[in-house]
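Subject: Structure handover

Hello,

Here is the structure for you to look through. My notes on it come after the files.

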Amino acid sequence: MLSDEIANAQRLVRTDAYQMSIGEIVSMYENEEIIIAPDFQRLFRWSIGQKSKLIESLLLGIPLPSIFVFEKEDGKWELIDGLQRVSTILEFMGLLKSPDGQVEQPSILEATKYLPSLHNSVWQQSDRIQDASVDEQRPLDKSYQLAIRRARIGVEILKRPSDNQTKFDLFQRLNSGGTQANAQELRNCIMLMVNGDFFRMIKGVAESDPFKTVVDVTEDQIEKQRHMELAVRFLVHLSIPYDGVLDVEEYIDEGVISLATSGNYHQKISILERVFNLLSIVGGRDALRRYAAERYVGKVGLIGLETIAVGVAKNIDAILALPNPESFVRGKIIDFWQQQEVERFTSPGLRGTTRIQRTVPFGERWFQP
């Protein structure tokens, strides 16, 4: 019944809420009582315009949205939602540390709609600020610094969610507004929360030359984490059968959490690396692209990933045991695109839920030696 489902779900989510001053948040950061994971800093970046507007809001007394933290086992807080707001304030004050532990260059503001005199404003003058000489920098008056420190912000505390899926669901909901993070950026964050080593291992392969060559991603796509998305999809399709019940994105979301918490993810990531090293040798940037009229055409898409890459992965040991595995895979890729059944994978209006139930099993059969 709905009442039982609500009661059970509510038990997974324990919360508390405070009103705190910006100064208190800053002090907690300096005392390492509130944690901003270094890898999170790499994933999200605001422009100087966005940063300036935030400081403008504080000076004008405009309330900021609440930040959300997870309470860790040791009582420290891990900042999950509000990363850029807190990071912007810390950076402006010259306190934000980079992922390698060094203090970041303090930011210098630009003019805003209501406060054009914010142009070249700094917390205090510094020769570490590279965008303007010390003489050009305009330190913020002490009274305005106090106003920022005394500004208050709501802090919503999530009390140690009992399972990683709950943590992921909450994180998705918290990040549904503002500067929109895409699905893979959200997955990256939850992977970091659940298992940082797992995230970094996937990232290492996804950023390797063989992988980037085979998936043929542009710099813009890399910025949007397309390479990580393809690596994650590959691992989930390789490891977790799809029954067609869940939405595809939910299947990938749940699958990556399951992998991150499993004991054998090292083996799966090793297969990811071996497969894309092989495909890089076999076809380079053409390995997953459609072959038609004796040439490779189009862009790398999910069809190639789900059938060719995953199909090779599910047979990788048998393929590598062949006298000439490269020749075998190359021939099977060319013949694959000539199969009539492949046309069913690209039918107009075909839902992803249906496609995956066709592509992955076909690829596994097709690449059997």
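Below is what was found, starting with the whole chain and then moving to single elements and side-chain pairs.

This is a predicted model, in which local features need pLDDT of at least 70 and side-chain atom pairs count only at pLDDT 80 or more, while totals for chains, interfaces and linings use all residues. Residues are numbered from 1 along each chain as its sequence is written, and side-chain values use heavy atoms, with hydrogens and water left out.

Overall

The protein chain has 18 helices and nine strands; these are DSSP runs (helices H or I, at least four residues; strands E, at least two) numbered from the N terminus. Of its 369 residues, 47% are buried. Buried stands for under 20% relative accessible area, exposed for over 50%, and partly exposed for what lies in between (1.4 Å probe, protein chains only). The chain exposes about 18300 Å², and carbon and sulfur atoms supply 47% of that area. Areas come from the Shrake-Rupley method with a 1.4 Å probe, and for residues only the protein chains shown count as cover. Among contacts (heavy atoms within 4.5 Å) between residues at least 6 apart in sequence, 68% join residues at least 24 apart.

Helix H4

Helix H4 covers residues 48–60; its 13 residues should span 18 Å at 1.5 Å a residue, and its end C-alpha atoms are 18 Å apart, which agrees. The expected span is 1.5 Å times one less than the number of residues. Buried residues in H4 include Gly49, Leu54 and Ile55, and their cover includes helix H2 (22–30), H5 and helix H6 (142–150). Lys51 is in this helix too, and it counts as buried because its relative accessibility is 11%. Leaving aside neighbours within four places in sequence, Lys51 is in contact with Trp46, Thr88 and Glu91. Just after H4, Gly61 has a positive phi of about 80 degrees.

Aromatic pairs

There are 11 aromatic pairs. Rings of Phe, Tyr and Trp (its six-membered ring) pair if their centres lie within 6.5 Å; planes under 30 degrees apart are stacked, over 60 edge-to-face, and the rest tilted. One of the pairs is Tyr18 with Trp77, tilted, at 6.1 Å centre to centre and 35 degrees between the planes. Tyr18 lies in strand E1 (residues 15–21) and Trp77 in strand E4 (residues 77–81), so this pair ties together parts that are 59 residues apart in sequence. Trp77 is buried at 7% relative accessibility, whereas Tyr18 is partly exposed at 40%. Ring pairs also link Phe336, Trp337, Phe345, Phe362 and Trp366 into a cluster.

Salt bridges

The structure holds 15 salt bridges, each a side-chain nitrogen of Lys or Arg within 4 Å of a carboxyl oxygen of Asp or Glu. In one of them, Asp253 meets Arg187 at 2.7 Å, N to O. Asp253 lies in helix H13 (residues 248–260) and Arg187 in helix H8 (residues 183–194), so the pair ties together parts that are 66 residues apart in sequence. Both Asp253 and Arg187 are buried. They belong to a network of salt bridges that also links Arg226, Glu229, Arg233 and Glu249.

Regards
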